[in-house]
Amino acid sequence: MSDQVASILKGWGEPDYRLRQVEDARRAGAREWAEVTTLPLSLRERLEEVVPLWSVVPDALAESRDGTLKWRLRTADGLAIESVLISHARGRRTLCVSSQAGCALGCRFCATGAMGPGRDLTAREIADQALLAAAVAREAEARLGNIVFMGMGEPLQNTGAVFDAIREIHAPTGLGLSARSIAVSTAGWVPGIEEMVSFEVPVRLALSLHAADDDTRSALMPINNRWPIANVLAACRRYADRTGRRVFIEYLLLDGVNDSAADARRLASQLRDGRFHVNLIEYNATGGAYRGSPPERVRRFTEELQAAGLHPSFRRSRGADIAAACGQLANTPA
Ligand code: SF4
């Protein structure tokens with residue numbers, strides 16, 4: 001757990017089991033040092049003076065009509081980040097975590113991109129989003145079953161911290177989530193995808209593609225000027241071959257921008273080798289220039305993909321009424 005707490009306890013000559021007691025208390029949902037009652041009072045008080053129990057602290061919470069929860073969390077240096085807990089049937093929950101406090105990539109449809117760059121979060125700040133959400137889910141007699149790196153930031157620009165956080169989330173002593181229950185979503189940061197190829201935890205990889213040709217994609221996502229579609233798909237194929245997992249292709253349907261029948265055919269022609277699964281996504285307006293595709297265009301697009309032998313799924317927005325849906329995280333008042 002907390003590397004900082006670990007080194008403090010070690011420096012004070014405390015036995016190893018003290019750290020385990022702290023970890024157990026955090027997993028059980030203790031919010032403050034005073035609640036870690038397995039530690040002697042004097043030790044709790046000393047720790048209280050030098051280090052917080054959590055690296056991120058909730059300072060606002062919003063609940064959507066569909067049960068989605070969105071937290072605004074503060075880091076120790078005062079930055080605001082967000083994480084979103086989505087509820088599914090039978091008490092299962094999915095958490096969307098942030099990996100940066102902003103984003104430098106400036107995708108045109110994204111509220112986080114409009115915020116501009118923010119610092120990389122530490123492994124502790126990322127893993128703590130997950131541990132806090134797991135405790136909240138347990139209190140509601142639910143279970144945190146999936147974690148997706150689809151919140152604020154480009155996770156593959158911050159691979160050191162993201163990989164360490166995944167190791168903790170995956171470890172039996174952490175949350176014990178299986179590799180296939182964890183997904184990393186990238187806008188196409190190719191060096192990071194290459195690093196994933198040699199990462200030992202074979203998590204799922206999702207690519208936000210959102211266009212079938214380079215001109216359209218570059219207009220939506222400036223990163224495409226650096227790594228065009230062919231390059232990023234080649235990196236994804238290497239990941240699929242290494243892990244045996246299909247890569248998810250995320251595709252926001254934007255009215256009149258990327259949703260024609262010809263777009264669908266072009267998309268299918270690049271993804272037909274069995275290494276990809278297409279996930280079509282309903283667009284959430286973020287006050288920009290784009291609108292979501294109407295149902296008729298969504299249907300036609302889907303049929304074109306199916307005619308080409310693909311089996312796309314369609315993801316509806318969750319938490320859109322509290323700005324918790326994809327592309328909406330920008331520290332809006334919770
Ligand atoms: S979609 Fe992702 S990569 Fe693009 S600006 Fe938003 S947070 Fe950054």
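Reader: How are H7 and H9 oriented to each other, roughly parallel or roughly antiparallel?
Author: In this predicted model, H7 and H9 are roughly parallel to each other. The angle is about 10 degrees, and angles under 35 degrees count as roughly parallel.

Reader: Which residues do the two helices span, and how far apart are their axes?
Author: H7 covers residues 190–197 and H9 covers residues 229–243, with the axes 9 Å apart.

Reader: Which residues meet there?
Author: From H7, Val 190, Ile 193, Glu 194, Met 196 and Val 197. From H9, Asn 231, Val 232, Ala 235, Cys 236, Arg 238, Tyr 239 and Arg 242.

Reader: And how do the residues of that contact divide?
Author: Into 8 nonpolar, 1 polar and 3 charged.

Reader: Switching to the ligand. Which residues are around the ligand?
Author: Cys 103, Leu 105, Gly 106, Cys 107, Cys 110, Thr 112, Gly 113, Met 152, Gly 153, Glu 154, Ala 187 and Ser 208.

Reader: What does that shell have by class?
Author: The shell around the ligand has 6 nonpolar, 5 polar and 1 charged residues.

Reader: Now Leu 280. Where is Leu 280 found?
Author: In strand S9, residues 276–281.

Reader: Buried or exposed?
Author: Leu 280 is buried, because 20 other C-beta atoms lie within 10 Å, and a residue is buried at 20 or more.

Reader: Which residues is Leu 280 in contact with, leaving aside its neighbours within four places in sequence?
Author: Tyr 251, Leu 253, Val 298, Thr 302, Pro 312, Phe 314 and Arg 315.

Reader: How far apart in space are Leu 280 and Glu 168?
Author: Their C-alpha atoms are 31 Å apart, and the two residues are 112 residues apart in sequence.

Methods. Residues numbered from 1 in each chain as written. Predicted model: local features only at pLDDT ≥ 70, side-chain atom pairs only at ≥ 80, totals over all residues. Axes fitted to C-alpha atoms, helices over the stretch in contact; angles between N-to-C directions. Helix = DSSP H or I, 4+ residues; strand = E, 2+ residues; numbered from the N terminus. Parallel < 35°, antiparallel > 145°, perpendicular 65-115°, else oblique. Contact = placed C-beta atoms within 7 Å. Nonpolar A, V, L, I, M, F, W, Y, C, P; charged D, E, K, R; others polar. Buried ≥ 20, exposed ≤ 12 C-beta atoms within 10 Å, placed from the backbone. Near = placed C-beta within 6 Å.
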